[in-house]
Every structure is written in structure tokens, then in C-alpha cells.
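Please examine the sequence and the structure shown below. The paragraphs that follow lead through selected features in turn.

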Amino acid sequence: MTPGPKRLREASWQPQRTGVSNILLLGGTGFVGRAVCDKLVERSGGSGGPVTVPSRQPQRAKAIQLLPTIQLHKADIHDEATLTRLVAGRDAVINLVATLHGSEAELQRVHVELPRKLARACLATGVRRVVHVSALGAAEGAPSRYLRTKAQGEAVLRDAGLALTVLRPSVIFGAEDRFLNLFAKLQALFPVMPLACADARFQPVWVNDVAQAIVTALDRHDSIGHTYECVGPRVYTLADLVRMAGRWSGHERPVVALPAALGRLQAMLMEWLPGEPLMSRDNMDSMQVANVASGAAPGLEALGIAPTAIQSVMAPWLAGVGEATRLDVWRRGAGRA
Ligand SMILES: NC(=O)c1ccc[n+]([C@@H]2O[C@H](COP(=O)([O-])OP(=O)(O)OC[C@H]3O[C@@H](n4cnc5c(N)ncnc54)[C@H](OP(=O)(O)O)[C@@H]3O)[C@@H](O)[C@H]2O)c1
């Protein structure tokens with residue numbers, strides 16, 4: 001078979017020096033991004049090339065600010081000229097930018113338009129290597145806007161003929177997650193847990209395993225052109241996960257599975273409250289499809305990573321989580337906060 005232009009371009013990419021070291025990390029201030037920063041610093045022994053992390057609010061990214069080789073900058077990455085300047089001269093780009101909530105226009109801007117601008121910036125500057133984090137279940141015909149726009153973003157980068165690796169994680173757990181930690185805190189405060197989509201299935205994966213997969217993929221030429229499904233060793237329902245968070249934090253409450261219509265009403269109310277909603281109607285739509293490995297793509301094992309069990313990380317971490325929340329409520333009630 002004669003290789004097409006895409007194949008030729010992919011084959012021509014080679015890591016510079018012994019490894020990829022001058023890296024642009026988009027979304028590096030987030031939950032996964034912070035773990036990726038740690039892994040990249042670990043990988044270089046703290047004396048590798050620069051890892052540039054643009055952010056809208058760098059002052060909020062204290063955890064990575066002090067790490068050696070991490071260069072945090074305030075920048076608007078949606079501005080194509082700025083993005084192109086940031087991409088120029090890199091060995092590789094890692095893209096973790098995403099938003100779980102927002103209008104159709106915002107999801108398009110973040111999940112589709114940004115990858116399109118990134119692809120153009122890469123082609124204009126001759127930077128070929130991109131590792132892109134998508135989401136398990138991303139598909140053009142998926143039931144939620146989040147998953148559909150994630151699929152469109154992947155397609156944009158694939159069509160650009162870059163030396164691309166895509167990773168698709170299931171829900172990600174870790175010390176700083178906004179998922180199990182929140183369910184633990186809620187159970188410390190409330191006597192029951194009314195839960196929409198209680199039967200939705202997930203295969204949770206540890207944030208450090210995802211971060212290791214990103215860094216390993218970056219270093220491995222044979223990951224180019226592949227999509228990896230990043231999942232943990234076991235499948236759980238949402239109700240299982242909520243119960244585990246309650247048990248490990250010492251506040252297990254009865255889970256009351258809400259019928260679909262009531263769940264939707266609950267999600268709609270949460271969308272109206274200030275701050276990030278715990279659950280939106282679009283999240284409920286995402287949960288219509290099981291968030292588990294399809295078996296059609298390689299997993300973490302193909303990158304030499306043995307997935308970590310959720311209880312080994314989260315049981316010790318969640319012990320006592322929620323106590324502070326409860327004490328704060330009591331303090332406020334007593335007028336002492
Ligand atoms: N967490 C999970 O359970 C999970 C599951 C599956 C897939 N994923 C995927 O993993 C990746 C990382 O997720 P995460 O949990 O680390 O996300 P996160 O904590 O919400 O971080 C998102 C990052 O993206 C940046 N960002 C968000 N909205 C932006 C916007 N409108 N313009 C520019 N930058 C924006 C933020 O940067 P600043 O605020 O500093 O500008 C932040 O660094 C995403 O692609 C996500 O879809 C996550």
C-alpha cells in the first residue's frame with residue numbers, strides 16, 4: 001500500500017534529543033493537568049526542558065507554580081495568534097482543555113474550535129506531535145453534547161494529519177477529584193442521597209494512571225495514530241460509587257434512586273444554582289451509555305500501566321473527608337464562622 005500524506009507525515013516525526021522535552025501543556029492547571037505536571041517533572045528529574053502551561057488564571061494554580069521546569073503564563077489560548085506563538089518551537093503539545101458544563105456554543109468553542117486552532121497552529125509552525133485527552137464514550141452520535149463535541153474535537157485533530165495520540169478516560173478519581181470527594185461531603189451533611197442515573201455504569205481510573213499514560217504515550221513513537229481507553233480494573237454503578245464514598249468517609253447514607261423525570265428536575269435545579277452543578281441534564285444524557293471500556297481499543301496495559309484499584313487510593317484518602325464540612329455548618333449555625 002502506498003502511504004498517503006498523513007502516513008508520511010506521521011512516519012517522519014521523531015522525538016528530538018533523547019525524548020520530548022520542550023512541551024506546551026494546555027489545561028495543565030486542572031485536575032489531570034496537575035498530575036501530568038508532576039509526572040513530567042518526575043520524568044525529567046526536575047532538570048528537563050520547559051513545560052509551558054498557559055492559563056486564564058495562573059494565580060490560582062499554586063500547586064504547579066513552584067515545580068521546576070513548569071512555566072505558568074496568563075494567556076488567552078482561544079486567540080489564534082497567541083496560541084500559534086505558544087506552539088512554535090515545541091517538541092510536542094498536550095491538550096487537556098475541556099469543560100463539562102456550558103452552552104452548546106461554549107462546548108463547541110472549547111472542544112472543537114480550540115482543537116481546530118491548535119491543528120492550524122501546529123501545521124503553521126511545523127509542530128507535529130500532539131497528545132489529546134478526550135473522553136470515553138465520545139462519538140458523533142452520542143446522547144450528550146459533551147460527548148458529541150469531544151468526538152468532533154478528536155476528528156478535527158485526526159484530519160489534520162498530526163502525529164496524534166488520543167486518550168479516552170472513564171471518570172477519573174484522585175485526592176483532588178470533584179466526584180467522590182463531593183459525594184463524601186454531601187453524605188456528611190445530608191441524611192439520604194437522592195441520586196439520578198443510579199444504575200449508570202463507570203470504570204473509574206486513577207488520575208496518576210491517566211497522567212502516566214499521557215507521559216508514556218508522549219515518549220512512545222508506536223502510540224502515534226492510536227486511541228487508548230483509560231479505565232480502571234472494575235466496573236461500578238454510580239450508586240456503588242456513592243455508597244463507597246460514604247463508607248470510606250464514615251458517613252454512608254441510604255441512596256435513593258430517582259426516577260428519570262425527577263432526576264431531570266433535580267439536574268435542572270442544580271444548573272440554576274451558582275457555581276458548577278454537581279449534575280446537569282447533559283451529564284444525565286452522557287450516562288445513557290455505559291462509561292466502560294469498549295474492548296475495541298487498547299487500554300492502559302498497552303502503555304505498560306497496571307490500572308490501580310479505586311479502594312487502594314480513595315479509602316485512605318476519604319477517611320475523615322466531610323468532617324470539616326459538617327463542623328463548618330455547625331459553626332455557622334452557632335454564629336461562630
Ligand atoms: N475529570 C474526569 O473525570 C474526566 C473524565 C474523562 C475525561 N476527562 C478529560 O480529561 C481532561 C482534563 O480534565 P480535568 O478533570 O483535569 O479538567 P479540569 O480540572 O476542569 O481542568 C480543565 C483545564 O482546562 C482549562 N479550561 C477550561 N475551560 C477553559 C476555557 N473555556 N478556555 C481555556 N481553558 C479552559 C482550565 O484552565 P484555566 O482555568 O487555568 O485557564 C483547566 O486547566 C479533559 O479533556 C476532560 O474532558 C476528564
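Phe-179 is buried, its relative accessible area being 16%, where buried means under 20% relative accessible area, exposed over 50%, and partly exposed in between, with a 1.4 Å probe and protein chains only. The model is predicted: local features need pLDDT of at least 70, side-chain atom pairs count only at pLDDT 80 or more, and totals for chains, interfaces and linings use all residues. Residues are numbered from 1 along each chain as its sequence is written, and side-chain values use heavy atoms, with hydrogens and water left out.

Phe-183 is also buried, with a relative accessible area of 4%. Across the whole structure, a search finds 2 aromatic pairs; rings of Phe, Tyr and Trp (its six-membered ring) pair if their centres lie within 6.5 Å, and planes under 30 degrees apart count as stacked, over 60 as edge-to-face and the rest as tilted. Phe-179 and Phe-183 form an edge-to-face pair, with 5.7 Å from centre to centre and 75 degrees between the planes. Together with Phe-202, Phe-179 and Phe-183 make up one aromatic cluster.

Attention now turns to helix packing. Two packed helices are described by the angle between their axes and the distance between the axes. Helix α4 (residues 80–87) packs against helix α5 (residues 104–125) at an angle of about 50 degrees, and their axes are 9 Å apart. Helices (H or I, at least four residues) and strands (E, at least two) are DSSP runs, numbered from the N terminus. Axes are lines fitted to C-alpha atoms, for helices over the stretch in contact, and angles run from 0 to 180 degrees between N-to-C directions. The helices α4 and α5 are therefore oblique to each other, as angles under 35 degrees count as roughly parallel, over 145 as roughly antiparallel, 65 to 115 as roughly perpendicular and the rest as oblique. In the contact (heavy atoms within 4.5 Å), α4 contributes Glu-80, Leu-83, Thr-84 and Val-87, while the residues from α5 include Leu-114, Lys-117 and Arg-120.

Finally, the backbone deserves attention in two loops. Most residues other than glycine have a negative phi. Thr-69, although not a glycine, has a positive phi of about 75 degrees. Thr-69 is located in the loop between α3 (62–65) and β3 (70–74), and is buried at 18% relative accessibility. Cys-197, likewise not a glycine, has a positive phi of about 55 degrees. The loop between β8 (193–195) and β9 (201–202) holds Cys-197, which is buried with a relative accessible area of 17%.
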